[in-house]
Amino acid sequence: MYNSHKATLGEVRKPAGRKTKALNDLSERMLIGVVSKFGKNSNQYQMAGGTKSPSEKASKGSPKTNEAVKMAKGGMKVPFY
């Protein structure tokens, strides 16, 4: 009984593995298309599931963070509303 279930499970895994590989290939081709049109460091590439390079992530801070650093250094006045 155990061996027959194990064999059945093996038969089920093979098509699932092929479908996973096909989906990964399709995803990779889609990302390559986005890169060719918009570039690897674009927002569109990120929205499609790609990740920006570590140097790109480190070089850019968010505007709010930059303003907070300037305020902390005394280079910018706190606005009063």
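Guide: Gly39 has a positive phi of about 100°. This glycine sits just after helix α1. Helices here are DSSP runs of H or I with at least four residues, and strands are runs of E with at least two, numbered from the N terminus. This is a predicted model, in which local features need pLDDT of at least 70, side-chain atom pairs count only at pLDDT 80 or more, and totals for chains, interfaces and linings use all residues. Residues are numbered from 1 along each chain as its sequence is written, and side-chain values use heavy atoms, with hydrogens and water left out.

Now step back into α1. The helix covers residues 2-38. Its 37 residues should span 54 Å at 1.5 Å a residue. That expected span is 1.5 Å times one less than the number of residues. The end C-alpha atoms of α1 lie 53 Å apart, which agrees.

Look along α1 for Lys21 and Asp25. They form a salt bridge, with their closest N and O atoms 3.2 Å apart. The term means a side-chain nitrogen of Lys or Arg within 4 Å of a carboxyl oxygen of Asp or Glu. The structure holds 1 such bridge. Why can the two partners meet? They are 4 residues apart in α1, so about one helical turn separates them. An α-helix has 3.6 residues a turn, so residues three or four places apart point the same way.

How covered are these residues? Buried means under 20% relative accessible area, exposed over 50%, and partly exposed in between (1.4 Å probe, protein chains only). Lys21 is exposed at 51%. Asp25 is partly exposed at 32%.

Thr20 also lies in α1. Thr20 is partly exposed, at 45% relative accessibility. A polar atom of its side chain lies 2.9 Å from the backbone oxygen of Ala16.

Next, go past Gly39, which comes just after α1. Ser42 is in the loop between α1 and α2 (43-47). Ser42 is buried, at 9% relative accessibility. A polar atom of the Ser42 side chain lies 3.1 Å from the backbone nitrogen of Tyr45.

Finally, the whole chain. It has 4 helices and 0 strands. Of its 81 residues, 9% count as buried.

How far can you trust the picture? The predictor's confidence in each residue is its pLDDT, from 0 to 100. The chain averages 78, and 67% of the residues score at least 70. Confidence is highest in α2, at 91, and lowest in helix α4 (residues 63-73), at a mean of 57. Where pLDDT is low, the predicted coordinates should not be read in detail.

Key
A polar contact is a pair of N or O atoms within 3.5 Å; within protein, one must be able to donate a hydrogen and the other to accept it, and residues adjacent in sequence count only if both atoms are side-chain atoms.
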